[in-house]
Amino acid sequence: MSNTATMSGSAPAASGPAGEARGPRPRPFFTPKKIMLYTTLIFFSLYFLFPLYVMVSTSFKTMPEIRFGSIFALPSQINFDAWVRAWTSACTGLTCNGLSPGFWNSVKITIPSTIVSIFIAAINGYALVNWRFKGSEIFFSILIFGSFIPYQVMLYPLVIITRELGIFGKLEAVILIHTIFGMPILTLLFRNYFASLPQELFKAARVDGAGFWRIFFEIMLPMSLPIFVVALILQITGIWNDFLFGAVFAGTHNQPMTVQLNNIVNSAQGTPEYNVNMAATVLTGLVPLIVYFVSGKLFVRGVAAGAVKG
Amino acid sequence: MKKFAVVAAMATALLGTTSAMAVDLEVTHWWTSAGEAAAVAEFAKIFEAETGNHWVDSALAGSGTGANPVIISRIIGGNPMGATMMNTGRDAEELIQAGLMRDLTDIVADMDIESFYVDPTQLEPCKYEGGLYCLPVNIHSWDWLWLSTAAYKKIGQPVPTNWDEYVASWPALQEAGILPFGLASGWPINGVPGVLMAGIGGSDLVLRINRDKDPEAVRGPEFRKVAEAMDSLRKVTSPETMVPSFGDVGNQILKGEAAGNIHGDWLAGDLQIAGGVPGVDYECLPGLGVGTQLTGGGDSFYFPVLPEGTDPAVLEAQAQLARLLISPEAQLKFNMVKGSMPIRTDIDLSGANACMKKAIALLDNGLLPSGDFSLSSDTQQQLQDLDLEFFADESVTVDDYIERRAEIIAQAD
Amino acid sequence: MADIAVKSGEEARDVARPGLLQKTFLKNLPAKIAALPMMATVLVVFVGCTIWTIYYSFTNSKLLPTGKFVGFEQYERLFAANRWNISVTNLLTYGAMSLVLTLGLGFLLAVLMDQKIRFESAFRTIMLYPFALSFIVTGLVWQWIMNPTLGLQGAIRNLGWEGFTFDWISNPRMVLFALLIAGLWQGVGFCMVLMLAGLRGVDEEIWKAARVDGIPTWRTYISIVLPMMRGVLVTAVVLIGSGIVRLYDLVVALTNGGPGISSEVPAKYVVNYMFSGGNIGQAMAAATMMLVTVLIIMVPWAYLEFGGKGKRA
């Protein structure tokens, strides 16, 4: 809507000589201002695209090609060796199983963490909007404030808590931690969403004598598909990209992909194999990138979701 | 139905026997360089062959600074491994005090270990209130100057035989485009001051600083020589020339790209794996060619107390491993590959290479306590922070360095 | 909504004397049970763990949290520690640059995107995709690009421009800019999207009025539209700010604090002393200082956002 506003705002300056303002498009494309505009945009696009290009092209090169060629050069031929090695045999110490165990660990962490954290946050949001009780808003305020506390502040006590629960170093611990730290933003998301729904349905159900859970499962859930998708995007990318919690809580056998990637690249012995490193890097980035490209605009909404409402 | 029951019974029987016969024992360590990995594989082979159990190898990246926390947090976090290697010293003292490590007294009771340990001080950190909580498996020393034969051939000079000759050769090396001092980024710099202390500063200085924690020793003239040597080292190194890991420095030395390096004897393992022959491809000077005593630390194995309900076979496997690690056979095989000195006096070391023989000769003079050995991890971390900063930032003067090091030592516990 | 909550409490009236206990606990019971995870998170983690950390920052705990109370000793050591001071200076320098540039570039790009351009969604896709990637991936890619011999510097030197230097990653004086380039790459797109949403939310009447008054476009953006986007700006500042305080993964992946300790940050100091340094007391003191920093950022914001208006949901 406001596109038009913006355009009409800039039109007089952009289209030069008067008398053209009312004319139908197309307007001349190569005005100096347009050239500057697109040059700037393309310059920035190059900045954003260059690393992707470097990552992908390096991963297809052979090591001699990397050593004697330029970082700008395209691979002379598409060579999947580095990808295979990154996936199956890149080393961290004695174990040279590549990134594939890390990938599966990340899957094992991401799926349950996403489900549990979203489910709990949805209930929180629902309770906060429709079943407010004394103190519920105070809890909510602290929850939101808590999302700004640096993780390092709570890290050590959480190690102790997970130890006492007997889950430290296991998948359960990582799932718990992701549920805890995903709660503020997700609860906010669901709370705002449920608050925006018409309250009549809820009231009618109450009059019919439906209880807390029945209303949640039969009325609220079916209506909240869009926000679930947003939450899903947020959590999948967020949890997949996590490094700190995976490194601290997952234990040596459940290290997520990000941790293994960092080990492969930064603790490598001998001559670094940049092609394998880059293939591993692309592989680690692949899942969130796919989520990003598949979800398109929803991703934008996902990341901006809690944010815009503050 | 019946058929199924039979199969099920057979399966349980089979599972039962396998678990009684062979159990998995997870062993954590940070021996990840080529030489170290080959050495730890010797332990694994012997363990699997002798006991039939399975050595589950958990090599952790990041050496002491990266892997130690993982090991400690797993033990503290109630998710202990079957056995772990850590540096001989004080890193685990609180874990021992908290009762998180298994007392090995009874396990090795009949081995009479006091009689064959090469230096009884090595066992000190393992003892607490009458119990024995770890077993040193080797003696490591940082005190080595490694020199590249190829580099000195390029500049047409004889390979130096001591620190002073080495320093004097730097200008010629630089002129020839050879790195006088190869260095890996991160923790390796941490060991250099200790080596300079033992070499240039002398045994007395090491004892006053590491054992007595006397800040005045740091402020004294002997340590000033050490600090000045550090200063000259940083002038010939730069972040751009630093390589990712100490094993890479070994390769630089073999190729003649770097002329020298101060690093612990575990570098020998990597030089060996890369095909280097001591005396031919590289030279080694223990104590920088001037010191008479080596500072010694090493690696120890700890066996965490496993949670209640653990398969007794696993506990037995722990005990078996403990005994095997210090057996003559394992000691010989492991240390020959690792480049470290065995902890036993009663094994035949005629197969040792030239460098190791030099070290064994120096061992008769007794070991000095290394920093790893006598300082807490907290103090070591502070010293590492200081060394890293000093090396990267020219604006930290020698005087600053001495004063700040003295303050850390004054507070050390 | 509140009346519903009261109604659900009416059940509790059968009890002869509705005691305080019943009133507080039985009212709206299912909702309270359902909110237990949230209450536990708030009380145990956000409040409990924070208090625990502050408490242990006053002890001399080493590897295990068993130390004695030592007053402000850990803080004295912290403030005297060069690495901590460098970390704080780094964070302030990086933070200021990152905040200004993320907002500035985010706004600039949003304005450019708002010019009814062609391929808008393509440009947006290009600018935002790095935000989907982790800091680890970001750090490692830029580490490779900034590799002094085989990366950008080497490639351009080989093209014949011998004097070209781009050694930021191995230069203690420039390493923060290396972090900045990578950080901006990851985060500017997101800021742009926020700003664009803000721009599109501005009433078109404003634009008409500005045009009638003959105000140049750029001035309209700076002096009229920008102030109207206060909400979005505040959100962006808070989000970018809390991200900066947490800066950790990117440093680990890109520089690991080096060269030397020239790119250390507070979060890394805490993690190092908590685990490898084996000094819980010191780590907790550092963590508490991080918390104080966040409070300094957050309290004025919370006051502006909620305090002034007395806004409650």
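A residue counts as buried if 20 or more other C-beta atoms lie within 10 Å of its own. By that criterion, 49% of the 313 residues of chain C are buried. The model is predicted.

**Chain C: fold and domains**

- Chain C contains 16 helices and zero strands.
- Among contacts in chain C with a separation of 6 or more, 66% join residues 24 or more positions apart.
- Twelve residues of domain 1 of chain C and nine residues of domain 2 of chain C make up the contact.
- On the side of domain 1 of chain C that touches domain 2 of chain C, four residues are nonpolar, seven are polar and one is charged.

- In chain B, domain 1 is assigned as 25-140 + 296-354, and domain 2 as 144-295 + 361-411.
- The centres of domain 1 of chain B and domain 2 of chain B, taken over C-alpha atoms, are separated by 27 Å.
- Domain 1 of chain B puts 27 residues into the contact, and domain 2 of chain B puts in 24 residues.
- On the side of domain 1 of chain B that touches domain 2 of chain B, at least two residues come from each of helix H2 (34-51), helix H3 (63-76), strand E11 (294-302) and helix H16 (328-338) of chain B.
- H2(B) gives the most to this side of domain 1 of chain B, with five residues.
- The residues on this side of domain 1 of chain B comprise seven nonpolar, 15 polar and five charged.

**Chain B: a four-stranded sheet**

- Four strands of chain B form an open sheet with mixed pairing, in the order E8-E9-E7-E10.
- Strand E8 (179-181) and strand E10 (282-286) of chain B each have a single partner strand, so each stands at an edge and has one side without a neighbour in the sheet.
- Direction ignored, neighbouring strands of this sheet are turned by 15 degrees against each other on average.
- E8(B) pairs with strand E9 (residues 258-262) of chain B in the parallel sense, over two bridges.
- Phe181(B) stands opposite Gly260(B), a residue in E9(B).
- Helix H13 (residues 246-255) of chain B packs on the sheet and touches strand E7 (144-148), E8, E9 and E10 of chain B.
- The direction of H13 of chain B makes about 140 degrees with that of E9(B).

**Lysines with positive phi**

- Most residues other than glycine have a negative phi.
- Lys213(B) has a phi near 50 degrees, a positive value.
- Lys213(B) sits in the loop between helix H10 (203-211) and helix H11 (215-219) of chain B.
- Lys213(B) counts as partly exposed because 18 other C-beta atoms lie within 10 Å, whereas a buried residue has 20 or more.
- Lys116(C) has a phi near 55 degrees, also a positive value.
- Lys116(C) lies in the loop between helix H6 (82-113) and helix H7 (120-132) of chain C.
- Lys116(C) is partly exposed, with 15 C-beta neighbours inside 10 Å.

Conventions
Residues numbered from 1 in each chain as written. Chains lettered and ligands numbered in written order. Predicted model: local features only at pLDDT ≥ 70, side-chain atom pairs only at ≥ 80, totals over all residues. Contact = placed C-beta atoms within 7 Å. Nonpolar A, V, L, I, M, F, W, Y, C, P; charged D, E, K, R; others polar. Buried ≥ 20, exposed ≤ 12 C-beta atoms within 10 Å, placed from the backbone. Domains from an automatic or database assignment. Pairing = 2+ DSSP bridges. Axes fitted to C-alpha atoms, helices over the stretch in contact; angles between N-to-C directions.
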